[in-house]
Structures are given as structure tokens and as C-alpha cells.
Amino acid sequence: MSLSLKETRHVATLARLALTPEDEERYGAQLSAILDYISQLNELDTSAVEPTSHALDLKNVFREDKMAQPFEAGLWEKNAPSADHGHFRVPKVLD
């Protein structure tokens, strides 16, 4: 599939690229080659290929979510360098 100069300019506009006339020819040829390759891939029979979302068969391993003892009221304040009315106090970082 060969892209016309008008189509190449349209793609460049969509990508917000300012191309020189030489770039338009070069990128148009490269994009046409990419589209030709994709056309070749579309000719393959993939009816027996199972759809995948990832090339490797990966599974997330999560631990079982178990209920634990909640923090005692005020316990975290003992470990905080500075606390005020149930909140952590931290140094000011913005002026």
C-alpha cells in the first residue's frame, strides 16, 4: 500500500509534525513499507491461534487477604516523629 503525498501530509498533521519536502518523501516511503508489511501479516491464517494479551503465560500471584489486628488508637502517634490532632506533622516543603 503506497501512501500519497497528501496522505503523508495528513498523518504528519495528525502527529503535529512539521516535515520538510524531503522528510515527507522519506517518511511516506517508510510508512508505506510498514503498511505493506502489515498487509502481509493480515494474509496469514490465524483462526487456530488463541488470542492473548501477553506473549508469555504470566499469572499474578497474590497472597490471601487475611484480616489482621487493627492499629491501636494512638499507637502510630508514638512512632511518629511529630503528630498533631491525629495527623502526622511534616516539614513544610512549599513556600
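Good morning. I begin with a contact: Arg 26 forms a salt bridge with Asp 23, and their closest N and O atoms are 2.8 Å apart. Please bear in mind throughout that this is a predicted model.

Both residues of that pair, Arg 26 and Asp 23, belong to helix α2, where they are 3 residues apart, or about one turn of the helix. Arg 26 is partly exposed, its relative accessible area being 43%. Asp 23 counts as buried, at 18% relative accessibility, because the limit for buried is under 20%. Arg 26 has a further contact to report: it lies over the face of Tyr 27, at 4.8 Å from the ring centre.

How many salt bridges does a search of the whole structure find? The search gives 2. Besides the pair already described, the side chains of Arg 9 and Glu 24 meet in a salt bridge, with an N to O distance of 3.1 Å. Arg 9 sits in helix α1 and Glu 24 in helix α2, so this pair ties together parts that are 15 residues apart in sequence. Glu 24 is buried, with a relative accessible area of 11%, while Arg 9 is partly exposed, with a value of 42%.

As for aromatic pairs, the structure holds 0.

I turn now to the chain as a whole. The protein chain has 3 helices and 2 strands, and along the sequence these follow the pattern α-α-α-β-β. Is the chain a compact globule, or is it more spread out than one? The radius of gyration is 29 Å, well over the 12 Å that the globule rule gives for 95 residues, so the chain is more spread out than a compact globule. Taken along the principal axes, the box filled by the C-alpha atoms is roughly 70 × 50 × 15 Å. Of the 95 residues, 8% count as buried. The accessible surface of the chain comes to about 9700 Å², and 56% of this belongs to carbon and sulfur atoms.

Next, the surface. Which residues make the nonpolar surface patch of about 320 Å²? They are Tyr 37, Leu 41 and Leu 44. Of these, Leu 44 is placed in the loop between α2, residues 21-42, and α3, residues 75-79. Leu 44 is exposed, its relative accessible area being 54%.

Leu 56 is likewise found in the loop between α2 and α3. At 54% relative accessibility, Leu 56 counts as exposed, because the limit for exposed is over 50%.

Finally, a point of backbone geometry. Most residues other than glycine have a negative phi. Arg 16 has a positive phi of about 55 degrees, although it is not a glycine. Where does Arg 16 lie? Arg 16 is in the loop between α1, residues 5-14, and α2. Arg 16 is exposed, with a relative accessible area of 77%.

To close, I return to the two salt bridges: Arg 26 with Asp 23, and Arg 9 with Glu 24. Thank you for your attention.

Methods
Residues are numbered from 1 along each chain as its sequence is written. This is a predicted model: local features need pLDDT of at least 70, side-chain atom pairs count only at pLDDT 80 or more; totals for chains, interfaces and linings use all residues. Side-chain values use heavy atoms; hydrogens and water are left out. Patches are made of residues with over 30% relative accessible area and no salt bridge: like charges are joined within 9 Å, nonpolar side chains (Val, Leu, Ile, Met, Phe, Trp, Tyr) within 5 Å. Accessible areas come from the Shrake-Rupley method with a 1.4 Å probe; for residues, only the protein chains shown count as cover. A salt bridge is a side-chain nitrogen of Lys or Arg within 4 Å of a carboxyl oxygen of Asp or Glu. Helices (H or I, at least four residues) and strands (E, at least two) are DSSP runs, numbered from the N terminus. Buried means under 20% relative accessible area, exposed over 50%, partly exposed in between (1.4 Å probe, protein chains only). Rings of Phe, Tyr and Trp (its six-membered ring) pair if their centres lie within 6.5 Å; planes under 30 degrees apart count as stacked, over 60 as edge-to-face and the rest as tilted. A charge sits over a ring if NZ of Lys or CZ of Arg is within 6 Å of the ring centre and within 35 degrees of the ring normal. The radius of gyration is taken over C-alpha atoms; the globule rule is 2.2 Å times the number of residues to the power 0.38.
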